[in-house]
Amino acid sequence: MAIRKEIRSLSAEERKALVDGFLALKKQGRYDEYVHWHHAVMVPTVDPTEPPNPDYRNGAHRGPSFLPWHREFLMQVEADLQKVNSSITIPFWDWTIDSSLPDPYKSPLWSTDFMGGNGVESDDWKVGTGPFAYAGGNWLIPIPHDGPALVRRFGFTIPTLPTADDVALAMAEAFYDVPPYNSGPFTLGFRNRLEGWITPRGDARVKFPGSQLHNRVHLWVGGSMMPMTSPNDPIFFLHHCYIDKLWADWQTKQDSNWKENGYPGAAPRYNPVSGAPQGHNLQDILKPWEHTIKDVLDISTLGYSYEKGTNQDLIFALADALKPPSWLAQGPSSFTPARSPFWAD
Ligand code: CU1
Ligand code: CU1
């Protein structure tokens, strides 16, 4: 079984194998397809002869398929990396560790022998160090995909990375997703919380303004990580690997929670089965691939697992310390989740 480790657990050889893997896929032209897949799934395919569909949801974000789509995406990329070097697994970047560093810019992630550092102000924020620096000539981004240089601007759009407390709010969510399955600040559920749409407006327990969790990390890195072409920065995959781990952790936690606390059926590993926009229902295909959402719900069937990680116990403990909402004990039949019970305004 392949084990995906936290970035700090990698040996120097493992770091090098990953970097070389990305560079090899770039050279083959394969890497640029990842950017295209991600871009394509976000663009609305609206038939001009039909009226605009108010239920339109992009195929991989702002709805339930956010987590399964990116899980499949990671598996596709990891399989390609393993064709280059069979020992590679994608590592996860636990940014809650970095958020408590005195200087997150000095995380080992950004070292010259790994992912390279911040952009350089005097050079239009082009990444100036490491294997993906523009000047090195090995990481050219196609012009229609925001090229030619990889750009980062740490902390400019949003000043801080998410904390373990922020993740705990997600880990304590009782449901995977809830109607209307969107990205509103009042829409409860693990997916909407982890994707980062529940702001202080929707939940007074959220401490920092602006985008949260997954979205916040994209904005904090900035530059190439912000537009629809964000896989242009290979950090994308390390970030999404942690998002995928958090989903797997939540699923494990829910399985035991519901058994111990007796809320049977209230927390499926995924929902909805039907009734959501195309691409977001249980049996829908994850485009442009062949698997359905249902196929990718349990990582124990997918051939990989996660190293536990330094902050997992802390995050679970913080989540357990959060009071469950009162409606939860009444069971799922009484559940009308139009708004967060914690809404603030
Ligand atoms: Cu995405
Ligand atoms: Cu993302």
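This is a predicted model: local features need pLDDT of at least 70, side-chain atom pairs count only at pLDDT 80 or more; totals for chains, interfaces and linings use all residues.

Biologist: Which residues coordinate the copper ion (ligand 1)?

Modeller: His38, His61 and His70, each through NE2, at 2.0 to 2.1 Å. Along the chain, the donors follow the spacing H-x22-H-x8-H.

Biologist: And where do His38 and His70 sit?

Modeller: His38 is in helix α2 (residues 30-42) and His70 is in helix α3 (residues 66-84). They're 32 residues apart, so the pair links distant parts of the chain.

Biologist: Is His38 buried or exposed?

Modeller: Buried: His38 has 2% relative accessibility, and the cut-off for buried is under 20%. His70 counts as buried too, at 3%.

Biologist: Switching topic: what about Lys253, buried or exposed?

Modeller: Lys253 counts as buried because its relative accessibility is 8%. That lysine lies in helix α8 (residues 235-261).

Biologist: What is Lys253 in contact with, neighbours within four places in sequence aside?

Modeller: Met171, Phe316, Ala319 and Asp320.

Biologist: OK, now the core. How many residues are in the largest nonpolar one?

Modeller: It has 79 residues, and those with the most contacts inside it are Phe22, Trp93, Trp95, Phe237 and Leu238. The largest share of this core comes from α8, with eleven residues.

Biologist: What does Trp95 touch, skipping residues up to four places away in sequence?

Modeller: Leu161, Pro162, Val167, Leu213, Val217, His239, Tyr242, Ile243 and Leu246.

Terms used
Residues are numbered from 1 along each chain as its sequence is written. Chains are lettered from A and ligands numbered from 1 in the order in which they are written. Side-chain values use heavy atoms; hydrogens and water are left out. Donors are N, O and S atoms within 2.8 Å of the metal (3.2 Å for Na, K and Ca); water is not among the atoms, so sites may look incomplete. Helices (H or I, at least four residues) and strands (E, at least two) are DSSP runs, numbered from the N terminus. Buried means under 20% relative accessible area, exposed over 50%, partly exposed in between (1.4 Å probe, protein chains only). Contact means heavy atoms within 4.5 Å. A nonpolar core is a set of buried Ala, Val, Leu, Ile, Met, Phe, Trp, Tyr and Cys residues joined through side-chain atoms within 4.5 Å.
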